[in-house]
Amino acid sequence: MIYTTRKEIGLKKSDYTIATLASHSSLQILKGAKDEGFATLAIVKRGSERLYKSFNVADEIIVVDDFSELKDLDEQLSERNAILIPHGSFVAACDLDDLKALKTNYFGNRNILTWEADRIQQRKWLGKADLLQPKIFKSPDDIEGPVIVKFFGAAGGKGYFLTHSKEDFERKIAEHAGKEYILQEYVVGTPVYVHFFHSSLTGELEIMGFDKRYESNVDSVGRVAAKEQIELSIETSYTIVGNMGLVVRESLLPMIYAMGERVIAASKEIDGIGLFGPFCLETIITPDLKMYVFEISARIVAGTNPYINGSPYTDLRYDVPMSTGRRIAREIKHAIASDELEKVFQ
Ligand code: AMP
Ligand code: AMP
């Protein structure tokens, strides 16, 4: 169901519309697109229409029962000159092959999605970029020290658990039968998520900001005394609830920037074109300031949401509030102006 028509909102046939699935970081993306002068379209799950209308960032709304219906909207979206901006819900709700087959303009490099979705490929990529990574244990027999057990796919930390021995692992994995997982060294330190933007038009790399996550129940077990944690057999879980802004020691920035540059260089070895647009390195920083990268997201992350009004870092470079969502729209605007859209749609 479409609520408004392009004509009603004064769009010409040639005008582009920035479109996305209404979840994750969509409010930021749509607001940023409007700030850059684009028309906007939100694909909303039935029941959330009133909420999305209330923010007034979507000129048009298409209602679906499930985000996986995106593939069925392909024709309609390309006719409307839509540009899809991917985020975490795309990878979580749609089949990778469906995303790759879309005819609608899509911001970013779709080939990289395959690397992001596969933890083994990701690890190769980060290795090529010479980044420090937590150790992987090939078999439960090798478990040594604290280990985090992770499942495949972007599930936001749901179901992850900690273990320290083969026996403990076998007891805990029993309730996750059939799922693919990895056994990763658990690094004790502070989690820091780094938001970057790489322009395929200018070749520049920008630090957009940082966040830390607020996860249930790991961020609240400290409210229960250690004695009670043991008595109640509380087990930690990492279900994402929200994000908080963060500023890092300025002396860490040169190392972080160089890490981002190496990730870009390594991505070019993967498919020639490489990673462009927003991406995030998910890290743990140890007390001796070693930065372990345990994951990469090759798209906008929801950790940028605290910065809809710009971050302390984007404030340095821009004279308008520059969210990552707005930065994407600005990149597309520049690509349209210089007739280089092929550099932003892959
Ligand atoms: P959602 O649209 O909220 O269902 O999220 C889609 C995917 O992105 C899920 O795998 C979530 O776990 C992940 N995700 C959603 N919100 C956040 C967030 N604030 N920080 C990190 N990951 C998130
Ligand atoms: P993810 O869903 O991969 O972003 O991770 C969910 C949670 O697990 C976050 O709180 C991370 O900080 C934590 N985490 C993931 N991998 C590791 C690791 N190797 N060592 C310590 N904490 C980790």
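Colleague: How many salt bridges are counted between domain 1 and domain 2?

Modeller: This is a predicted model, in which local features need pLDDT of at least 70 and side-chain atom pairs count only at pLDDT 80 or more, while totals for chains, interfaces and linings use all residues. Residues are numbered from 1 along each chain as its sequence is written, chains are lettered from A and ligands numbered from 1 in the order in which they are written, and side-chain values use heavy atoms, with hydrogens and water left out. A salt bridge is a side-chain nitrogen of Lys or Arg within 4 Å of a carboxyl oxygen of Asp or Glu, and the domain bounds come from an automatic or database assignment. Between domain 1 and domain 2, the count of such bridges is 0.

Colleague: What area is buried between domain 1 and domain 2?

Modeller: Domain 1 covers 7–128 + 190–214 + 247–343 and domain 2 covers 136–187 + 215–242, and their contact (heavy atoms within 4.5 Å) takes 12 residues from domain 1 and 17 residues from domain 2. Buried area is the accessible area (1.4 Å probe) that two parts lose on being put together, summed over both. Carbon and sulfur atoms give 56% of the area here, which comes to about 1,300 Å².

Colleague: Which element gives the most residues to the side of domain 1 that touches domain 2?

Modeller: Helices (H or I, at least four residues) and strands (E, at least two) are DSSP runs, numbered from the N terminus. On the side of domain 1 that touches domain 2, helix H7 (119–128), strand E11 (205–217) and strand E14 (291–297) each supply at least two residues. The element that gives the most, with 3 residues, is E14.

Colleague: Which residue has a side-chain N or O atom 2.6 Å from an oxygen atom of ligand 2?

Modeller: Ligand 2 is surrounded by 18 residues, Lys-150 and Glu-215 being among the closest, where a residue counts as near if one of its heavy atoms lies within 4 Å. Nitrogen atoms of ligand 2 lie 2.9 Å from a backbone N or O atom of Glu-185 and 2.8 Å from one of Val-187. The oxygen atom of ligand 2 has, at 2.6 Å, a side-chain N or O atom of Glu-295.

Colleague: Which peptide bond is cis, with omega near 5°?

Modeller: Most residues other than glycine have a negative phi, and most peptide bonds are trans. Asp-130, in the loop between H7 and strand E6 (136–137), has a positive phi near 60°. Asn-217 lies in strand E11, and the cis bond runs from Ser-216 to Asn-217.

Colleague: Which residue meets Glu-116 in a salt bridge?

Modeller: Side chains of opposite charge can pair when their charged atoms come close, and the count comes to 24 salt bridges. For Glu-116, the N to O distance is 3.7 Å, and the partner is Arg-299. This pair links distant parts of the chain, 183 residues apart, with Glu-116 in helix H6 (residues 110–117) and, in the loop between E14 and helix H11 (314–317), Arg-299.

Note on methods: Polar contact = N/O pair within 3.5 Å; in protein donor to acceptor, adjacent residues only side chain to side chain.
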